[in-house]
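The following exercises are to be worked with the sequence and the structure at hand. Each task is followed by a solution in steps.

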2 protein chains.
Amino acid sequence: MPENGKPVRIAVDAMGGDYAPEEIVKGAVLASEQGGMEVILVGSKDAIEAHLPQRGISHLPIRYVEASDVITNEEDPAFAIYRKPNASIVVASKLVKSGEADAVVSAGSTGAMAISTIRFIGTIESITRPAIGSPIDVLAPRTILIDCGANVDCKPHQLLSFGIAGSVYAKKLLNIDNPTVALLNVGSEEGKGNEAIKDSYPLFQKSGLNFIGFVEGDDVLSERANVVVCDGFVGNILMKFYESIGPYAGAYIKKRYKTFRMLGLGRRLFKNIFSLTSMSETASIGGGLLWGIDGIAMVMHGNVKARQVVKTMVRARDTVHADVVNYLKSEITRINREQSL
Amino acid sequence: MPENGKPVRIAVDAMGGDYAPEEIVKGAVLASEQGGMEVILVGSKDAIEAHLPQRGISHLPIRYVEASDVITNEEDPAFAIYRKPNASIVVASKLVKSGEADAVVSAGSTGAMAISTIRFIGTIESITRPAIGSPIDVLAPRTILIDCGANVDCKPHQLLSFGIAGSVYAKKLLNIDNPTVALLNVGSEEGKGNEAIKDSYPLFQKSGLNFIGFVEGDDVLSERANVVVCDGFVGNILMKFYESIGPYAGAYIKKRYKTFRMLGLGRRLFKNIFSLTSMSETASIGGGLLWGIDGIAMVMHGNVKARQVVKTMVRARDTVHADVVNYLKSEITRINREQSL
């Protein structure tokens, strides 16, 4: 963590993402103007420079670190991070480990990001793989879904660690005093569910978390639970499904309301409502902090544009200030102690 | 199956559902006017009669079968069907077994319906538990999600049986010639996913189904796959989540557009768009046929009103005509033969 008042140093993987480096570089430049941060653009200097603003950036807190390689989505991430030591995501992760950066953000391959941060930054004690957790914007901003990554076939102790991480997130970043935590299930009665969920119930009960039991699919958006815990298999499918509904619903409505539009009636109103309901710009869960990494690492969707890069970088800055990694460590120690009593 | 031209006899559990018997009876009466069916109302005669239309029903093809008991959602279904031999769902299931009815429909406890039909009608050979599959109305009516019930911790051979059932559904009820079938997963590349999904892949590949591989959460509504196969744990959560989005999105939009409404602007347009986007009346997956039962058994949501009862009964009638049970049996025999080659 930076000393008080010092800017937060954020290493940005300039080469990862569907619209990289252009949109990533644009976003990073805009973010540097938000204050309170120093931007470290990691990637090929030539590629980055091509997308810098014409007026120059000498007045902005931005610097480069060269990384000549990129890991693509098509590569096996475990293999690629060894084969490409100069990949932007590898170089950026190492900046956090060495203390030259306070956080790393990337829109590249999520798998490469996870493995690179595990390998080069390391995980918190008793956590083997990081989880992705994030608020459900825009319909349930006070509910965190965790894990949205792809930790599959999760064991009860992993689900518990997701619950702890989600609870820390809600406290430190959403300022919720005593966040409610629930397990996502097919029924609300004790004894329902698959084996992993049923075995997790008693662990959550004696965790000291504000555990409210099971919630079902139709309760996810109710904000009854501030933290909804699930296996990454379920969370990943739910997250992608949620983010896709806006565009599909939008297209459906557009088709049905062609007549209105042809008549030129309520064009502006229609457009507003459409953009809201389509939620294509705003509804999102994915991305977010890699919980369990011993440092701040934020993944973004592959398809992010500059505006979303800014948003993520601001969140990274605030996450560094909230000192969540240390807080999470102490929570895990406390709960492990209580579980073994 | 009824002889050609004869009406389809549908046993309706008049006592099951949040608004039973009133809405169920109303719906059954309306359905009887649709033609091609004979309605058998199963329940307490007094309770049913209180909700019959004042003009009488002597001109309609409706009759009663007495059942003095009801199984509630709070009861353990496995226990309740033995303890209450006169429960409406038990009596209605037995009518199918004895050949007095061609189909049974119920909005009561899904668990009780499943266990009652397994016990009193029986399952198709090599299927131990029925699955619930249904098109994703309104956004993806040509895609069937199966299983939406709660067959949890499913084995690969169960997932395959869901795929076969879904494929029969698409062919016989949606008239899709060669339906595409996909496994719902966290990634589209082979080798991704949890153990059950990975082990299912080769079974699907040599099944003779039109298997297109894995689809992810954001592909469910694209109609790329006519059949999306998943464990009932995932399907149930996804279904309930989907059905809840309309109301939550509707409430969100309503709040944001208060100003518009206060100004009295575009009131009618707003109302139309709202009702569509809220999808609260139309978007649904749940309910549908219990695939794997050796007869036609349709479950409805607990909260159905008369209009939805009519819809389900009409679908039950058409399902009987499509002879799906025999078709499913022959498909399973064929695929089992191919798998063992």
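Rings of Phe, Tyr and Trp, the last taken by its six-membered ring, form a pair if their centres lie within 6.5 Å. Planes under 30 degrees apart count as stacked, those over 60 as edge-to-face, and the rest as tilted. The model examined here is predicted.

**Exercise 1.** State how many aromatic pairs the rule gives over all chains, and classify the pair of B:Tyr169 and B:Trp291.

*Solution.* Step 1: the count over all chains comes to ten aromatic pairs. Step 2: the centres of B:Tyr169 and B:Trp291 are 5.4 Å apart, and their planes make an angle of 45 degrees. Step 3: stacked pairs need under 30 degrees and edge-to-face pairs over 60, so 45 degrees makes this pair tilted. Step 4: B:Tyr169 belongs to helix α6 (residues 156-173) of chain B and B:Trp291 to strand β10 (residues 288-291) of chain B, so that the pair links parts of the chain 122 residues apart.

**Exercise 2.** Decide whether B:Tyr169 and B:Trp291 are buried or exposed.

*Solution.* Step 1: the cut-off for a buried residue is under 20% relative accessible area. Step 2: B:Tyr169 is buried because its value is 3%. Step 3: B:Trp291 is likewise buried, because its value is 4%.

**Exercise 3.** Describe the surroundings of A:Asn185.

*Solution.* Step 1: A:Asn185 lies in the loop between β7 (180-184) and α7 (195-205) of chain A. Step 2: its relative accessible area is 0%, and therefore A:Asn185 is buried. Step 3: the side chain of A:Asn185 comes to 3.0 Å from the backbone oxygen of A:Lys192. Step 4: beyond residues up to four places away in sequence, A:Asn185 touches residues of chain A, including A:Phe214 and A:Glu216, and also B:Phe233 and B:Ile237.

**Exercise 4.** Identify which rings form a cluster with A:Phe214, and which lysines lie over the faces of A:Phe120 and A:Tyr19.

*Solution.* Step 1: ring pairs join A:Phe214 with A:Tyr201, A:Phe204 and A:Phe211 in a cluster. Step 2: A:Lys94 lies over the face of A:Phe120, 4.8 Å from the ring centre. Step 3: A:Lys305 lies over the face of A:Tyr19, at 4.9 Å from the ring centre.

Definitions and conventions: Residues are numbered from 1 along each chain as its sequence is written. Chains are lettered from A and ligands numbered from 1 in the order in which they are written. This is a predicted model: local features need pLDDT of at least 70, side-chain atom pairs count only at pLDDT 80 or more; totals for chains, interfaces and linings use all residues. Side-chain values use heavy atoms; hydrogens and water are left out. Helices (H or I, at least four residues) and strands (E, at least two) are DSSP runs, numbered from the N terminus. Buried means under 20% relative accessible area, exposed over 50%, partly exposed in between (1.4 Å probe, protein chains only). A charge sits over a ring if NZ of Lys or CZ of Arg is within 6 Å of the ring centre and within 35 degrees of the ring normal. A polar contact is a pair of N or O atoms within 3.5 Å; within protein, one must be able to donate a hydrogen and the other to accept it, and residues adjacent in sequence count only if both atoms are side-chain atoms. Contact means heavy atoms within 4.5 Å.
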